[in-house]
Amino acid sequence: MMMKMYPLVFEPILKERIWGGNKLKSVLNKKSVNETTGESWELSAVSGDVSVVGNGFYKGMSLTSLLEQFPEEILGKEVYKRFGSEFPLLFKFLDAKEDLSIQVHPNDELAKQRHNSFGKTEMWYVMQADENAKLIIGFKNDSSKEEYLSHLENKKLVSILDEIPVKKGDVFFLETGTVHAIGAGTLIAEIQQTSDITYRLYDFERKDANGNLRELHVDLALDAINYKKTNARKEYSLKSNESVSIVDCPYFTTNVIVLEGEINKGNSGDSFLVYMCTEGSFSVNINEENFDFKKGDTVLIPASISDFQLVGKANLLEITIS
């Protein structure tokens, strides 16, 4: 059975968080009815949170069902060889009205052993940042398990972590094991392995709506943490109508595109492409048929679409697996 080829968008899966705000609604036009919406899962195959197609012929079909029918057509030849019919990445927008907890993610080996899951390598693209907004990424200096535990027990963990001021357009690549936290006042596009495994280290003594402290995972995190100082920031220079590489790792490759007019794109069929629109609006033109998208949209281009054009005025994140 031949798949009808067209760019796919999915219904956002909105997540209420104690640290969330209203920018997903006010800035990205997500259909939130609450003031504490922290995450919009744009494209997910995480069990219990599987995306559903929101447009076209396959509207209403789940991503997993689609992949069962058309694994190679959507994923691509090489991605299908590597992952089978599992969708290997998770795409999100996050709005942090307040600081997130300080956390860490395990690598593939630990995640497989403990949770039968992928690890969680991820990257952040800062779409908007309030004045004085910061991220926590890694340690200020090389640390140790003993120093970390001492500061954690004395509620002084933040003092040995690296707080980084951020602005719109900043990019950070977080390898597994990197202690991190998204700070208040940031709107972020996040690209990561398909995993929801997070070890929470410290949550600033916050309580949830029921007056309870959120669960911490101090013991699980000890062997997952990289205690060395890291440099997660990625430097790059924008070029009109060119794909500029910002992250290239074994799990995903991400480019940024300043679209001003039209770009011809080709695909070898080895991997799907995803476009996250962070500014403006654009169209995908396939055989003179136009599909229109806007800021806040996340678009999956199946691998079997070999040639298309991007048309419009927009800032795009372009993600593939190479």
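In the structure, the N-terminal end of helix 5 (108–115) is capped by N107, a side-chain oxygen of which lies 3.2 Å from the backbone nitrogen of E109. Helices (H or I, at least four residues) and strands (E, at least two) are DSSP runs, numbered from the N terminus. The model is predicted, so local features need pLDDT of at least 70 and side-chain atom pairs count only at pLDDT 80 or more, while totals for chains, interfaces and linings use all residues. Residues are numbered from 1 along each chain as its sequence is written, and side-chain values use heavy atoms, with hydrogens and water left out.

Helix 5 is followed by N116, which has a positive phi near 50°. Most residues other than glycine have a negative phi. K155, which is not a glycine, has a phi of about 55° and lies in the loop between helix 6 (145–153) and strand 9 (161–165). For N241 the value is near 60°, and this residue is found in the loop between helix 7 (218–221) and strand 14 (243–248). N241 is partly exposed because its relative accessible area is 28%; buried means under 20% relative accessible area, exposed over 50%, and partly exposed in between (1.4 Å probe, protein chains only).

An open sheet is formed by six strands in the order 1-2-5-12-7-10, with antiparallel pairing. Two strands pair if DSSP finds at least two bridges between them. Strand 1 (13–21) and strand 10 (171–174) are the edge strands, each pairing on one side only. Direction ignored, neighbouring strands of this sheet are turned by 20° against each other on average; axes are lines fitted to C-alpha atoms, for helices over the stretch in contact, and angles run from 0 to 180 degrees between N-to-C directions. Within the sheet, strand 2 (residues 37–43) and strand 5 (residues 89–96) pair in the antiparallel sense over four bridges. W41 stands opposite K92 in strand 5.

Side chains of opposite charge can pair when their charged atoms come close. A salt bridge is counted when a side-chain nitrogen of Lys or Arg lies within 4 Å of a carboxyl oxygen of Asp or Glu. The whole structure holds 20 salt bridges. One of them joins the side chains of E42 and K30, at 3.0 Å from N to O. This pair links distant parts of the chain, with E42 in strand 2 and K30 in the loop between helix 1 (23–26) and strand 2, 12 residues apart. Both E42 and K30 are buried.

E190 forms a salt bridge with K92, and the closest N and O atoms are 3.7 Å apart. Here too distant parts of the chain are linked: E190 is in strand 12 (residues 186–193) and K92 in strand 5, 98 residues apart. E190 counts as buried because its relative accessibility is 4%, and K92 counts as buried because its value is 3%. Salt bridges that share partners join R17, E39, K92 and E190 into one network.

A further salt bridge, of 3.5 Å from N to O, connects the side chains of E78 and K81. These residues are separated by about one helical turn because they are three residues apart in helix 4 (residues 77–83). E78 counts as partly exposed at 41% relative accessibility, whereas K81 counts as exposed at 65%.

N285 lies in strand 16 (residues 273–286) and is buried, with a relative accessible area of 15%. A polar contact is a pair of N or O atoms within 3.5 Å; within protein, one must be able to donate a hydrogen and the other to accept it, and residues adjacent in sequence count only if both atoms are side-chain atoms. The side chains of N285 and N290 are joined by a polar contact of 2.9 Å. Leaving aside neighbours within four places in sequence, N285 is in contact (heavy atoms within 4.5 Å) with N290, F308 and Q309.

T121 lies in the loop between helix 5 and strand 7 (122–129) and counts as buried at 5% relative accessibility. With neighbours within four places in sequence left aside, the residues in contact with T121 include F173, I191 and Y251.
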